[in-house]
Amino acid sequence: MSSPREPVRSLSEAATALIHHPYEAPGGFQSVQPGVFKASTVIFENTAALRSREWKDKTGYTYGLHGTPTTFVLEERLATLEGGLQTLLVPSGLAAIALVGQSLLKAGEHLLLPDNVYAPSRDLARHELAQWGITTGFYDPMDPASLAAALTPTTRLVWLEAAGSVTLEFPDLAGLLGVVRQHPQAVAALDNTWGAGLAFNAFALGPQGEQGVDLTIHALTKYPSGGGDVLMGAVVTRDEALHQRLKLTHMRLGLGVGLNDVELVLRGLPSMALRYAAHDASTRQIAAWLQARPEVAQVLHPALPGSPGHAHWQATCSGAAGLVSMVFDGARFTSAQVDAFVDALRLFKIGFSWGGPLSLVMPYGLKGMRRFGLLTGQDGTLVRLAVGLEDTGALVADLAQAFDALG
């Protein structure tokens, strides 16, 4: 038992006593969730430690931006989830996309994006990357020959989307990668937010597992968090040299994430596979139900026979995310009528993002959305549903009553 302490004799003594208090909690504490270590400053035992620490390989700690035990744990778990070697954490999924572009592209070089790319990625290329002297081309994600025709001697980065943003086409990933591999100067990057590291292995897509992407990005905002209350992204690589190239840019940009947000993602990861399966099962039921609705011209969901890329999804994936899109023919329904349908929904709330417990809905005008594929030149409205974790029957009933608003 410790002896009673002598009381401090002044306010300044109190401050010093509290800041430099000698007590350290005993080691060996273990709990279900990892500890949360917050720091900007990291304390070095002596000058030898200061000079010998190496932050690049996670053998030590130097500054909060370069990692803490909490961020290292999340990075390692995400690398395991995605099948990679190393992970970098960034403030959002879009920040992950931007980090890749800033690390791997310079003036005079060429970027290729699929026609169904995440829209903010397209905007980043057309504005920031363009003003830095980087050119951008687009290819039909459903046609490897289109990618082959778009590649140039200066192409250094090719993005893949699986499934496509909003329109949910599932590409022939192995076929597209086969084309990219004929241009060894180009890095193949995949936005793996939809697959979440669960639906397929992005780093082993060939028949013998020999062919995969060079890196993935993942919006941890979606399924890893699972609560709709965290913004975070990750870049996962398998090649150490590529990782270090990205890591140095990451350091120079000063990219960091909040440790309480890291804690929330760590808490969400253990249940992610179960939640993903629940989202998937409910969405497939809703997609099949929508297919029978006379108001809907087309239902887009990779696991649905007849949806663009279904055969590729079937050959590649063991699951599907909780997204389904439906197309309303502009000749039958005006955008105002479709808006009335959206507004009539009660359980589906209007909002961006997905992957949380709450079901969401978002309308998109089709005009000019795509330059390739079945939706090219179509006039009408696409409505994307992000199916949450509510009772599937209740969600179907909500959709049914909202269709009455179409008139």
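Visitor: I would like to begin with a strand; how many residues of β6 are buried?

Guide: The model is a predicted one, and in it β6 (215–219) is mostly covered, with five of its five residues buried. On one side of the strand lie Leu 215, Ile 217 and Ala 219, on the other lie Thr 216 and His 218, and these residues are all buried, so that both faces of β6 are covered.

Visitor: Which strands pair with β6, and in which sense, parallel or antiparallel?

Guide: Strand β5, which runs over residues 187–191, pairs with β6 in the parallel sense over three bridges, and within that pairing Thr 216 of β6 is the bridge partner of Leu 190. Strand β7, covering residues 233–237, pairs with β6 in the antiparallel sense over five bridges, and there Ile 217 has Val 235 of β7 as its bridge partner.

Visitor: Turning to a helix, which residues of α9 are buried, and what do they pack against?

Guide: Helix α9 spans residues 259–268, and its buried residues are Leu 259, Val 262, Val 265, Leu 266 and Gly 268. The elements against which these buried residues pack are α3 (69–82), β1 (86–90) and α10 (272–291).

Visitor: How does one look for empty space in a structure?

Guide: A probe the size of a water molecule is rolled over the atoms, and this shows where empty space is left. In this case, a search of the whole structure finds one cavity of 30 Å³ or more, and about 50 Å³ of space lies in the largest cavity.

Visitor: Which elements supply the lining of the largest cavity, and what classes of residue are found there?

Guide: At least two residues each come from α4 (93–104), β2 (110–114), α5 (119–131) and β4 (155–161), and α5 gives the most, with four residues. The lining includes Ile 97, Leu 111, Leu 124 and Trp 159, and by class it divides into eight nonpolar, two polar and no charged residues.

Visitor: What is the volume of the largest pocket, and which residues lie nearest its centre?

Guide: The largest pocket has a volume of about 720 Å³ and is lined by 33 residues, of which Tyr 118, Ala 119, Pro 120, Ser 165 and Arg 384 lie nearest its centre. Two or more residues of this lining come from each of α4, α5 and β6. The lining of the largest pocket has 19 nonpolar, eight polar and six charged residues.

Visitor: And what lines the second largest pocket?

Guide: That pocket, with a volume of about 200 Å³, is lined by 16 residues, and nearest its centre lie Gly 64, Leu 65, His 66, Gly 67 and His 250. His 66 also makes the polar contact with Thr 62. α3, β1 and α8 (240–253) each supply at least two residues of the lining, and the largest share, three residues, comes from α8.

Terms used
Residues are numbered from 1 along each chain as its sequence is written. This is a predicted model: local features need pLDDT of at least 70, side-chain atom pairs count only at pLDDT 80 or more; totals for chains, interfaces and linings use all residues. Side-chain values use heavy atoms; hydrogens and water are left out. Buried means under 20% relative accessible area, exposed over 50%, partly exposed in between (1.4 Å probe, protein chains only). Contact means heavy atoms within 4.5 Å. A polar contact is a pair of N or O atoms within 3.5 Å; within protein, one must be able to donate a hydrogen and the other to accept it, and residues adjacent in sequence count only if both atoms are side-chain atoms. On a 1 Å grid over the protein atoms alone, a cavity is a set of points where a 1.4 Å probe fits but cannot get out, and a pocket is an open set with protein on both sides within 12 Å along at least five of seven lines; lining residues have an atom within 4 Å of a point. Grid points are joined across faces, edges and corners, and a volume is the space filled by probe spheres set on the points. Ala, Val, Leu, Ile, Met, Phe, Trp, Tyr, Cys and Pro count as nonpolar, Asp, Glu, Lys and Arg as charged, and the others, Gly among them, as polar. Two strands pair if DSSP finds at least two bridges between them.
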